[in-house]
Amino acid sequence: MLTVFNIQRYSIHDGNGVRTNIFFKGCPLRCSWCNNPESLDPAPSIMFDERICHKFGECRRIGNGGIILENDKLVINRDLILDTTVYNNICPSKALIVSGQEKTVLQILQEIEKDIPFYNMSGGGVTLTGGEPLSQGAELIDLIIQLKKRGIHVSAETSLHLPWETIENYVNLIDLFLVDLKHLDNDKFTEYTGGNATLVMENFKKLDETGRKFIVRVPVIPGFNFSSAELFAIIDFAAGLKHVSEINFIPFHALAKEKYLMLGKDYTFGNHRCIEKSELKPFTEYAERKGLISKILN
Ligand code: SF4
């Protein structure tokens with residue numbers, strides 16, 4: 001089974017043509033600014049929006065005391081909830097939802113196949129994202145093989161924060177890698193993501209050596225990497241690789257604030273200011289002077 005928290009059809013902002021984005025759960029990193037906090041846990045997650053809760057109480061009648069009423073408020077004890085599936089579709093007002101569903105390869109394929117005419121018309125395809133899609137294992141490989149048999153273009157958004165032996169399995173299957181390059185400094189990378197920058201940079205070089213073209217994506221995050229020194233260093237690293245087809249800058253926004261609240265998680269970046277596209281112009285110009293095609297994404 002593959003654990004998916006969203007299948008987003010008709011996307012036109014994530015690569016060529018009309019795309020279907022498949023969002024997988026589970027990620028080896030914990031980026032402090034992460035826009036998809038519901039993706040981090042590999043298992044389905046309970047999300048609760050107190051503002052639209054009518055306290056009908058159906059959710060309190062099932063489970064193991066994981067959801068209780070206290071001072072006229074619902075309290076979610078996530079540690080006590082061992083099986084989130086009992087809460088699937090339990091809430092009539094959708095204040096309580098389960099993010100993430102286990103799906104077979106066939107079920108995902110059936111969703112994707114509905115959009116084949118759109119891929120054919122637009123040169124689109126499927127984008128695997130998350131979370132970290134490449135940490136899904138053998139069933140993801142099976143899904144990609146099925147997509148290739150149907151002639152569907154497959155992109156994957158990845159942090160490359162995985163053993164190279166895992167990434168290597170995908171090199172000849174994925175048509176286009178969209179790879180995050182967050183920071184080059186190990187201490188800062190570890191402080192803000194819990195991961196290891198050296199592993200990522202080594203994997204960039206190994207991916208480059210395979211000769212496959214890939215896109216470098218730079219999330220631009222205030223207080224983390226939004227300085228000339230840090231971004232110029234990131235651009236220099238990308239420009240030193242031979243097979244980068246373009247570099248994309250993704251300015252920070254704090255739109256995920258509500259999702260953190262619904263997951264009962266703290267969001268340390270919730271009050272950071274958004275970065276305007278115009279603030280990134282010096283970096284796109286620098287990247288272009290270094291010979292890289294450069295874009296600012298939404
Ligand atoms: S790699 Fe992506 S999904 Fe994983 S924690 Fe970082 S921003 Fe979130």
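User: Which loop holds asparagine 71, and is that residue buried or exposed?
Analyst: In this predicted model, asparagine 71 sits in the loop between strand E4 (67–70) and strand E5 (73–76). It has a positive phi of about 50 degrees despite not being a glycine. The count to look at is 5 other C-beta atoms within 10 Å, and since 12 or fewer is the cut-off, asparagine 71 comes out as exposed.

User: Leucine 160 has a positive phi too, although it is not a glycine. Is leucine 160 buried or exposed?
Analyst: Leucine 160 has a phi of about 55 degrees and lies in the loop between strand E9 (153–158) and helix H5 (164–168). Around leucine 160 there are 22 other C-beta atoms within 10 Å.

User: What about glycine 15, buried or exposed, and which residues does it touch?
Analyst: Glycine 15 is in the loop between strand E1 (2–11) and strand E2 (19–24). It has 21 C-beta neighbours inside 10 Å, so it counts as buried. Leaving aside residues up to four places away in sequence, glycine 15 touches Thr127, Ser155 and Leu176.

User: How many Å separate the C-alpha atoms of glycine 15 and glycine 124?
Analyst: Along the chain these two glycines are 109 residues apart.

User: Where is the cis peptide bond?
Analyst: Look at the loop between strand E8 (125–129) and H4, where glycine 131 is found. Omega there is about 15 degrees. The cis bond joins glycine 130 and glycine 131.

User: At what angle do H2 and H4 cross, and which residues make the contact?
Analyst: The axes of helix H2 (residues 105–113) and helix H4 (residues 138–149) come within 10 Å and cross at roughly 35 degrees. It's a right-handed crossing. The contact is made by Val105, Ile108 and Leu109 of H2 with Glu139, Asp142, Leu143 and Gln146 of H4.

Conventions. Residues are numbered from 1 along each chain as its sequence is written. This is a predicted model: local features need pLDDT of at least 70, side-chain atom pairs count only at pLDDT 80 or more; totals for chains, interfaces and linings use all residues. Axes are lines fitted to C-alpha atoms, for helices over the stretch in contact, and angles run from 0 to 180 degrees between N-to-C directions. Helices (H or I, at least four residues) and strands (E, at least two) are DSSP runs, numbered from the N terminus. A crossing is left-handed if the near helix is turned anticlockwise from the far one by less than a right angle, and right-handed if clockwise. Two residues are in contact if their C-beta atoms, placed from the backbone, lie within 7 Å. A residue is buried if 20 or more other C-beta atoms lie within 10 Å of its own, exposed if 12 or fewer, and partly exposed in between; C-beta atoms are placed from the backbone.
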